[in-house]
Amino acid sequence: MTRITAPFLDDPALHAVMAALSAGGAQALVVGGAVRNALLGEPVADIDLATSARPEQVIRLAEAAGLRAVPTGIEHGTVTIVAQGRGYEVTTFRRDVETFGRRAVVAFSDRIEEDAQRRDFTMNALYATAEGAVLDPVGGLPDLARRRLRFVGDAETRIREDYLRILRFYRFLARYGREADLHALAACAALRDGLREISRERIGHEMRKLLDAPDPSRALALMAEAGVLPLVLPGADAGDMAELIAAEHDFGSGALPCWPRRLALLAADDPGAALRLSRDEAREQHRIAQALALPAPEAAYRLGRRAAAQSVLIRAARGEPPPFGWCHAVAKGDQAQFPLAARDLMPDLSGPALGAALKRAETAWIDHDFALGRDALRRIALEQDR
């Protein structure tokens, strides 16, 4: 019997919730991502529970144990049980009766096998007891061992239940997979037009997560090959993504994954509209695009350190290695303050001539590594107008 050992299994709050459900004779199991990540040695963020108890019974058992129960999604079988100030989502085993894209008519079940059949990927259909014993109703353990991403049951059926699962497939492949099931790849390509039914907000949410994976280059290449990438992000070119990942490690001092930088590399036609970016997110994309047209120190001066640094890594991915000391140069540009003001050139100059002189002086100041003082810049500004 496979077992997991993870710190969350020693959490008294989790034990209190699981013990409350088990006291009524129901199964109480940790399910999904917590089990998957514990087996992979990855951090566990959220802990979800599945149970054979019906929602009303879950509430009664929780309250009998002195815990607070909140019917957060009771129509879907979900109750949040609060123990020691932390909430745990508890969902009754379910089976699909009929599906309509994202919506489904479900019936409650007392069988783990039926609950597992309605989940998306085999590596997400893993359950664990309070003692850490892993239950695997659909063969997820061998897939997880191989880092093989496979839909539960028929891939096309799973996708038709929710077309967003196409993007989830590529996201999970980028984050957890080394091997993609061929049937799954074929189904994603065949049913890609179903993504037109999905809101841009939901697509954007998935793409942010995909691009933030440690290395999304292979998943993006497969998306492009399947015709999925141009459908969700017109004009995107993922050809240099592997080089960007390498540049992040080589020149970015181990820079953390950063989806805005990776999105900017793709150079999509209108990422703001395609992914429903927020105003700040769209503004950052615009700043990075502007920075790519400038030397890094000038980009830092005009657009800020972050945009300049992003542009350096993107240029490195495109075959332009950053110069020695670029981090220092970017930091210097970010902190630089142009020492000449319009009043320094008045009354000698005014109107358009004043603006042109300031621009000329600023260009010289940038070209001289932000080192020229006010007097030198004033001479440069006035020379051509005498």
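Predicted model: local features only at pLDDT ≥ 70, side-chain atom pairs only at ≥ 80, totals over all residues.
Let's start with charges. Side chains of opposite charge can pair when their charged atoms come close. In this model, the count comes to 30 salt bridges. Here are three of them:

| Salt bridge | N to O distance |
|---|---|
| Arg111 and Glu113 | 3.8 Å |
| Arg315 and Glu320 | 3.8 Å |
| Asp344 and Arg374 | 3.4 Å |

Take Asp344 and Arg374. Asp344 sits in the loop between α18 (326-335) and α19, while Arg374 belongs to helix α20 (residues 374-383), so this pair ties together parts that are 30 residues apart in sequence. Asp344 is buried, at 18% relative accessible area, whereas Arg374 is partly exposed at 44%. Elsewhere, salt bridges with shared partners link Asp143, Arg146, Arg148, Arg150, Glu179 and Asp181 into one network.

What about the other two pairs in the table? Arg315 is buried, with 12% relative accessible area, but Glu320 is partly exposed at 46%. Arg111 is partly exposed at 40% relative accessibility, and Glu113 is partly exposed at 37%.

Now for the helix pair. Helix α16 (residues 296-303) packs with helix α19 (residues 351-367) at an angle of about 130°, and their axes are 10 Å apart. That angle makes α16 oblique to α19. On the α16 side, Glu298, Tyr301 and Arg302 make the contact, and on the α19 side it's Glu362, Trp365 and Ile366. Sort these contact residues by type and you get three nonpolar, no polar and three charged.

Arg171 counts as buried because its relative accessibility is 13%, under the 20% cut-off. Leaving out residues up to four places away in sequence, Arg171 touches Glu206, Lys209 and Leu210.

Methods
Residues numbered from 1 in each chain as written. Heavy atoms only, no water. Buried < 20%, exposed > 50% of the residue type's maximum accessible area, 1.4 Å probe, protein only. Contact = heavy atoms within 4.5 Å. Axes fitted to C-alpha atoms, helices over the stretch in contact; angles between N-to-C directions. Helix = DSSP H or I, 4+ residues; strand = E, 2+ residues; numbered from the N terminus. Parallel < 35°, antiparallel > 145°, perpendicular 65-115°, else oblique. Nonpolar A, V, L, I, M, F, W, Y, C, P; charged D, E, K, R; others polar. Salt bridge = Lys/Arg side-chain N within 4 Å of Asp/Glu carboxyl O.
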